[in-house]
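Work through the exercises below with the sequence and the 3D structure at hand, and try each task before reading its solution.

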Amino acid sequence: MTQPASEPQEKPVLIPRPGPHAPGEPLVFAADFAAVEPLVRSGIDSDRIVVVNGQDTNAARAAAERGRELGQGPVPTRAHKAPWRTLVVVPTYNEKDNLEPIVRAIWRYLDTDILIVDDGSPDGTGAIADRLAAADPRLHVLHRQGKQGLGTAYLAGFRFAIERGYERVCEMDADFSHAPWDLPRLVFASRDAALVIGSRYVQGGCTVGWDFKRRLLSRGANLYTRLILSSGIRDNTAGFRCFHVPALAKLDLSAVHAQGYAFQIEMAFRMVRAGFAVKEVPIHFVDRRVGKSKMDSRVAREALLLVPKLRGRVGKQRLAD
Ligand SMILES: Nc1nc2c(ncn2[C@@H]2O[C@H](COP(=O)(O)OP(=O)(O)OP(=O)(O)O)[C@@H](O)[C@H]2O)c(=O)[nH]1
Ligand SMILES: [Mg+2]
């Protein structure tokens with residue numbers, strides 16, 4: 001039977017989480033998002049942590065078990081709601097197979113607005129975004145002409161958040177490297193910090209599925225950044241983040257020119273230098289499921305050259321009034 005065009009069939013989303021745990025390990029319960037942290041730090045993958053957060057415990061267990069059977073993680077009985085107006089910015093370039101699944105996955109866990117920033121993806125990702133936006137007012141789409149880089153995509157997202165009075169803005173990749181069930185944990189952790197980073201390099205965090213070269217590159221970039229900037233942040237290149245919008249509004253965003261990994265390094269450093277609290281929460285980062293990586297040697301070179309310059313440049317930076 002064919003589905004009517006106006007009601008697209010939800011695609012099955014299988015999120016492989018080959019974490020350090022064996023499959024079939026029992027669910028673990030956390031009363032709230034803060035209680036998840038020590039569990040993840042002790043080595044438990046958040047894909048088997050049920051965050052009760054006001055749900056009926058038995059119903060939460062049943063929903064999580066069902067979600068995991070479907071490959072969708074520990075789905076709550078209904079999406080969590082943050083006490084702040086929140087926008088999740090998802091930049092996309094050629095993510096046609098990931099876009100609808102990631103949007104639906106986000107909404108399963110967090111009732112939030114989402115902004116897709118698409119750079120004229122040749123594979124038609126932008127048209128999919130428009131179709132989804134027409135069906136749900138929580139989804140917004142920004143179309144840009146041609147691939148302009150991750151940095152400017154996020155800056156456009158930040159400006160959108162500032163102009164529209166959001167209180168929190170998150171960064172998240174479209175490719176399922178960032179677990180959708182970790183998103184509410186990041187947002188709730190922003191109670192105590194103007195920047196929350198989903199970190200691979202604090203206790204309990206890790207990368208899954210990367211080859212030796214990729215691990216070395218990421219580790220090397222972070223070691224280099226830590227040595228030169230000494231900002232106290234362990235995962236400087238992470239792209240899974242939650243910012244306080246009023247804090248971003250105080251930074252001089254027009255001075256940020258970095259694009260790839262360097263953009264993440266620069267934003268984190270600017271937040272630290274401006275005196276804002278930064279908190280890292282451990283996550284398991286899983287290599288992309290579908291589609292091609294946009295990481296290349298240019299991205300690495302940009303970071304290599306920019307980091308030493310940041311020290312002096314951002315040190316002189318003044319906060320906007
Ligand atoms: N709008 C826009 N999005 C981009 C651009 N480059 C990458 N993206 C998106 O940014 C997110 C992160 O890019 P990835 O290709 O996953 O880069 P990465 O995470 O560094 O590399 P992998 O780990 O190999 O996936 C994805 O959602 C991409 O589609 C760009 O130039 N413009
Ligand atoms: Mg990625």
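**Exercise 1.** Find what covers the buried residues of α5, and list those buried residues.

*Solution.* The cover of the buried residues of α5 includes β3 (86-92), β4 (113-118), β6 (168-171), α8 (245-250) and α9 (261-273), where contact means that two C-beta atoms, placed from the backbone, lie within 7 Å. Helices (H or I, at least four residues) and strands (E, at least two) are DSSP runs, numbered from the N terminus. The buried residues themselves are Leu150, Gly151, Ala153, Tyr154, Leu155, Gly157, Phe158 and Ala161; a residue is buried if 20 or more other C-beta atoms lie within 10 Å of its own.

The model is predicted, so local features need pLDDT of at least 70 and side-chain atom pairs count only at pLDDT 80 or more, while totals for chains, interfaces and linings use all residues. Residues are numbered from 1 along each chain as its sequence is written, and chains are lettered from A and ligands numbered from 1 in the order in which they are written.

**Exercise 2.** Determine the order of the strands in the open sheet, and then its edges.

*Solution.* The seven strands follow the order β5-β4-β3-β6-β9-β7-β10, with mixed pairing, and two strands pair if DSSP finds at least two bridges between them. Pairing on one side only marks β5 (139-143) and β10 (278-282) as the edge strands. Inside the sheet, β7 (residues 195-199) and β9 (residues 241-244) run antiparallel and are joined by three bridges, and Val196 has Cys242 of β9 as its bridge partner.

Conventions. Buried ≥ 20, exposed ≤ 12 C-beta atoms within 10 Å, placed from the backbone.
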